[in-house]
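Me: I am new to this structure and would like to go through it step by step. Could you take my questions as they come?

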Amino acid sequence: MKIISKAAWDKFKDCDVTPEEVYHDRRRILKQMGFVGAGALLSSQANAGVFDLFSSDEEKAAFARVALPHSKQTEYDHLLYGDLTPENKVISHNNFYEFGTSKTDPAENSQGLKVNPWQLVIEGEVDKPLTLDYDDILKMLPLEERIYNFRCVEAWSMVIPWVGFSLRSLLNKAGVKSNATHVAFETLYDPDQMPGQRNRYSGGINYPYVEGLTIAEAMTDLTFMSVGLYGKTLPPQNGAPIRLVVPWKYGFKSIKSIVRIRVTDKQPKSSWNELAPSEYGFYANVNPAVDHPRWSQASERRIAEGGLFSAKRIPTLPFNGYEDSVADLYQGLNLKRNF
């Protein structure tokens, strides 16, 4: 048996790994639970009662790792910085101004969002523009589970088991042209379904919400397109049916409910950078040494059980702990100005 030695960034402890007997017994477990085909597991209806069979979020995560259809763990499960955030916190504590500006508004106001049918357009400086429907989004690429730190610019954080695929693998389907320098993203604009958009400047944002990355950031394998979390399809408050996850950047860069990806030869707009350029930069990399103008970024509250202010405060890491993987993207740039 060939044993691959752990890299310096692999911070998993033995207790974080799915037990071997559980892994080998996964088919029996699924059969007992009534799943004839693994493909049913990414259906929200199919998952409705599955996770109730487990007594802890750790058991749920272990089940998700062995049960997800056509999915695999990857080398980027390496930065589990503490325990997984309980699922009930991940789906109830959200910033999604399209559904309201308080943390509980998205979960309360988004449940009527229709995610099927859906269209995701990939266009611009690509060889083969694509228009993907809901089934394409879920099935065109192998799904992976990646446990990532998620750090909000408001100085709270979570550890979330996302499901999805790399943005790079998606862009490779379209073929990125050699003159491309950036990738732009756009959220659904539908005021009938998204009450926060009925006032186009609710929360100060000129909707639709837009974001952008450099082509180098987009093509780094850490950059992830999520279609699920905790082994289930994304809830609408978390960005269903597909969202961006860029774990070394502040959370507002991880745009939700995406309908358009445009590869371009110039830097695109970014909603918060447009709204308050003195406070929110385009890059928005997590940096404990550079404070937001109105609060420190040196530490964060890691959300667990209880409320935000009962959460454990921990030091913030440069690039949110992913420095070894992404710092070389920014050589020669001054990231102390506006993040």
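Me: Which residue in β3 is the bridge partner of Val121?

Reply: The model is a predicted one, and in it Val121 has Thr131 of β3 as its bridge partner.

Me: How many bridges join β2 to β3, and do they run parallel or antiparallel?

Reply: Three bridges link β3 with β2, the strand of residues 120-124, and the two run antiparallel.

Me: Which sheet are they in, and what is the strand order?

Reply: They belong to an open sheet of five strands, ordered β3-β2-β11-β6-β7, with mixed pairing. Its edge strands are β3 (130-132) and β7 (210-214), each of which pairs on one side only. From one strand to the next, the twist averages 15°.

Me: Changing topic: which residues touch the most other members of the largest nonpolar core?

Reply: Those are Leu167, Leu170 and Ile261, in a core of 78 residues. Strand β5 (residues 156-166) gives the most to this core, namely seven residues.

Me: What does Leu170 touch?

Reply: Leaving aside residues up to four places away in sequence, Leu170 touches Leu120, Ile122, Leu132, Met140, Leu141, Phe165, Met225 and Ile261.

Me: And the protein overall: how many helices and strands?

Reply: The protein has ten helices and 13 strands. Of its 339 residues, 54% are buried.

Me: What share of the contacts with a separation of 6 or more comes from residues 24 or more positions apart?

Reply: Such residues account for 71% of those contacts.

Conventions:
Residues are numbered from 1 along each chain as its sequence is written. This is a predicted model: local features need pLDDT of at least 70, side-chain atom pairs count only at pLDDT 80 or more; totals for chains, interfaces and linings use all residues. Side-chain values use heavy atoms; hydrogens and water are left out. Two strands pair if DSSP finds at least two bridges between them. Helices (H or I, at least four residues) and strands (E, at least two) are DSSP runs, numbered from the N terminus. Axes are lines fitted to C-alpha atoms, for helices over the stretch in contact, and angles run from 0 to 180 degrees between N-to-C directions. Buried means under 20% relative accessible area, exposed over 50%, partly exposed in between (1.4 Å probe, protein chains only). Contact means heavy atoms within 4.5 Å. A nonpolar core is a set of buried Ala, Val, Leu, Ile, Met, Phe, Trp, Tyr and Cys residues joined through side-chain atoms within 4.5 Å.
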